[in-house]
Amino acid sequence: MLEIVALSALTAFLTSVGNGAAGEMGKQLLVSTGALARRATGRDTPLPVGREDFESLASHVHARLADDPRQAAEWSLLLRSFPQHAAELPAGSGLPPATRHFTDRRDIVRQLRREATRPAGGRPRVALLYGPPGIGTTAVALRLGAVCHDRFPDGQFYVDLRDGSGEHGPAPAAVLLLLLRQMGVGPDRIPPTEAGREQLYRRLTAGRRAMVVIDHATSVAQVRGLVPSTPEVFLLVIVSGSPFALEAEPVPVPRLGDRDALKMMRRIAGRERIARARPRMPDVLAHCGGNAFALRATAMRLLNEDLELELPAPVTTASGSDPVRAAARAGCLRVRPETARLCRLTALGDWPSVTVHLAAAAAGATEEETAHMLAEAADAQLLETLPDERYRFRPEVRRYLADTAAPEHGIPECSAAVARTLEALLHRALHAAHAALPQSWRTESAPAHGEAYRDEAEGVDVLAAEVGNLVRAVFVAREYQHTTTALRLGRAFWPLQLKAGHWDEVLPALRIAVRLADEHQPGSRIAGALHFQLAHCLGELGRWEEADREADAAVRAERDAGHLRGEASSVELQGLLNLYRWRYETAHERFVAAEVIYGGIAPGQEGAEDLPRAFALSRRHRGRALRGMGRLAESRSLLTAVAEFFGEQGEAYNQARALTDLAETLHDTGENTEALARIAEAERLLPPTATPHRGYLAALRLRCEVAG
């Protein structure tokens with residue numbers, strides 16, 4: 001009996017595959033689905049680019065299936081074997097703990113609670129909480145989460161955007177990425193495109209009772225895609241500074257009144273110490289200006305120092321007195337001069353996080369000395385403590401420290417500190433990149449000095465842990481005109497792109513590095529390499545037209561540099577960018593062109609020893625393109641040879657990938673028994689941790705067993 005595939009289900013599947021090709025198996029499904037769509041429609045079917053295009057393709061496929069029982073059965077199996085993942089939110093709270101010394105703000109919490117619990121009435125529940133730096137907006141949000149915990153049984157989720165290493169904070173797609181990670185979505189399930197991520201976010205929150213907090217937002221664009229479409233989700237956006245035009249309940253956070261300010265200080269420092277300082281308290285309260293951070297920092301001074309509280313001169317800006325900067329000045333007076341110097345010099349880079357290694361380089365100190373100074377600075381409220389022995393500056397504190405660095409220490413010392421920090425980060429990145437990809441010609445050799453890493457896993461882990469600072473380092477290197485450092489840092493991102501999927505994080509820095517390469521070293525190998533990396537990154541994020549332009553630029557630069565291996569690799573990337581858009585003929589032509597260029601590398605020339613492997617990888621892609629074109633016999637022949645090559649080389653993973661491709665081609669030709677044998681062989685080669693690949697093979701096995 002013919003099983004009819006519902007048009008709505010087919011549309012949802014095609015849209016999900018097109019927008020959600022996350023990870024290698026996502027792209028495998030994408031390429032396979034394109035081949036089936038082409039066979040069903042009997043014509044070239046480029047990958048749709050929008051909702052209407054997906055609906056149109058689904059209609060064409062659906063119409064053809066009514067007259068073709070075999071293909072109807074194939075699509076029915078495909079949809080059943082690759083169902084959308086269950087949209088489950090982890091229970092419990094993802095918010096940081098509320099502050100112990102929260103004071104007042106009852107009216108503000110009440111206003112937020114009303115917005116969070118009011119009848120929806122067709123209006124999304126959204127609030128915009130704002131106030132000057134240090135006033136306590138985050139504390140209010142965390143307090144709300146604590147008192148309303150039971151109101152959101154499906155989870156509370158918190159994303160802090162202040163650690164973004166770009167110039168204007170994370171882009172909207174990156175904000176969605178951070179939120180989906182907080183929601184427990186694994187890397188292989190997070191779509192690369194902004195549209196796919198928003199679609200998944202809405203599926204996860206549909207019909208749920210959850211609270212989403214986005215802290216330190218800087219633009220409407222960052223949060224517009226998070227406005228709930230389900231009535232029981234509450235979105236709270238926090239702005240440090242003036243509000244922006246978001247359709248939301250505006251909730252300003254004013255300064256604390258003197259009574260509540262005094263109450264907060266008593267809770268932190270104790271009644272006895274506040275009583276001892278009573279004669280000075282009017283001046284103290286005026287000095288702090290009702291700013292929660294300044295009050296807390298001052299109270300900590302009273303708690304930790306057995307001496308009379310002395311207030312530094314107030315700090316004024318164009319908008320008046322600034323209690324946060326005044327607290328930072330007081331902190332600098334509390335610590336030793338060498339600690340204040342370390343903080344000022346480290347603050348120059350605006351680093352997302354501060355490690356002992358980074359701060360030691362900035363100060364030109366030993367790591368042992370630096371560890372003590374960082375702890376001292378944290379006690380003085382100049383730094384905040386993070387997990388994994390890291391620290392960070394509050395934005396206004398960092399700005400004060402950076403602004404006073406040159407007047408206190410001189411421009412030459414500040415420039416030297418930045419240069420030392422960049423050098424330390426570059427050396428760490430080069431060591432880690434080489435460990436992550438020890439055989440790759442796309443990574444530099446490790447420096448002769450510095451810390452080496454044990455293996456590939458540790459190299460990737462180090463790069464991932466440091467990615468925010470490394471991205472920021474490219475911006476700093478451009479600002480301080482360390483162009484070569486910026487270019488070398490950009491190249492060190494390659495393992496993060498290839499093995500860890502950090503495309504959103506490295507994209508802003510790659511754009512900067514490419515511009516610098518074109519300005520200072522056009523037509524060079526490093527320009528070609530960076531254009532290649534940017535093209536790869538854009539392709540992984542589904543930004544196809546931009547990726548095409550960068551891949552073209554990579555080919556030109558490598559050709560101008562006379563670098564055949566780089567040129568061939570860039571042409572091969574052009575083929576992949578077309579393959580993933582279901583442009584199989586163009587993809588095949590590019591793969592053939594790449595092999596011709598590879599063939600121009602003579603014995604003894606650079607890259608000659610890698611040619612057999614390079615040909616095998618290119619021919620695997622050719623086999624996939626041939627399958628999409630319906631040239632199944634040629635596809636089978638190529639993929640069989642590729643699988644045998646990798647088997648002889650002992651490359652189990654690449655052999656398993658080729659066997660998976662071969663099994664799909666065999667299934668298309670109706671040779672399902674043979675396809676099942678290749679599936680079993682691929683499964684034996686894969687490690688237990690290759691869950692996405694194993695899941696893909698299980699779904700393919702189901703299709704072969706039913707069809708067979």
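What volume does the largest cavity have? The largest cavity in this predicted model has a volume of about 60 Å³. A cavity is, on a 1 Å grid over the protein atoms alone, a set of points where a 1.4 Å probe fits but cannot get out, and lining residues have an atom within 4 Å of a point. Points are joined across faces, edges and corners, and the volume is the space filled by probe spheres set on them. By this rule there are five cavities of 30 Å³ or more.

Residues are numbered from 1 along each chain as its sequence is written. In this predicted model, local features need pLDDT of at least 70 and side-chain atom pairs count only at pLDDT 80 or more, while totals for chains, interfaces and linings use all residues; side-chain values use heavy atoms, with hydrogens and water left out.

The lining of the largest cavity consists of Gln28, Val31, Arg624, Arg627, Asp661 and Glu664. Two or more lining residues come from each of helix H2 (23-41), helix H29 (611-629) and helix H31 (652-668). Helices (H or I, at least four residues) and strands (E, at least two) are DSSP runs, numbered from the N terminus. By class, the lining has one nonpolar, one polar and four charged residues; Ala, Val, Leu, Ile, Met, Phe, Trp, Tyr, Cys and Pro count as nonpolar, Asp, Glu, Lys and Arg as charged, and the others, Gly among them, as polar.

The description now turns to the strands. In strand S1 (residues 125-131), seven of seven residues are buried, where buried means under 20% relative accessible area, exposed over 50% and partly exposed in between (1.4 Å probe, protein chains only). Both faces of S1 are covered, with Arg125, Ala127, Leu129 and Gly131 on one side and Val126, Leu128 and Tyr130 on the other. Strand S4 (residues 233-240) is mostly covered as well, with seven of its eight residues buried.

S1 and S4 run parallel and are joined by seven bridges; two strands pair if DSSP finds at least two bridges between them. Ala127 has Leu236 as its bridge partner in S4, and Gly131 has Ser240. S4 is also joined to strand S3 (residues 210-215), in parallel, by five bridges, with Met211 partnered by Phe234. S1 in turn pairs with strand S5 (residues 249-252) in the parallel sense over four bridges, and Leu129 stands opposite Val251 there.

Four aromatic pairs are found in the whole structure; rings of Phe, Tyr and Trp (its six-membered ring) pair if their centres lie within 6.5 Å, with planes under 30 degrees apart counted as stacked, over 60 as edge-to-face and the rest as tilted. Phe152 and Phe234 form a stacked pair, 6.5 Å centre to centre with 15 degrees between the planes. Because Phe152 lies in the loop between helix H6 (137-147) and strand S2 (156-160) and Phe234 in strand S4, the pair ties together parts that are 82 residues apart in sequence. Both Phe152 and Phe234 are buried. Phe645 and Phe646 form an edge-to-face pair, at 5.3 Å centre to centre and 75 degrees between the planes. Phe645 is buried with a relative accessible area of 16%, and Phe646 is buried at 0%.

Charged groups also lie over rings, a contact that requires NZ of Lys or CZ of Arg within 6 Å of the ring centre and within 35 degrees of the ring normal. The charged end of Lys27 sits over the ring of Tyr580, 5.8 Å from its centre, and Arg442 lies over the face of Trp494, at 6.0 Å from the ring centre.

Terms used: 1 Å grid on protein atoms, 1.4 Å probe; cavity = no way out; pocket = protein on both sides within 12 Å on 5 of 7 lines; lining within 4 Å.
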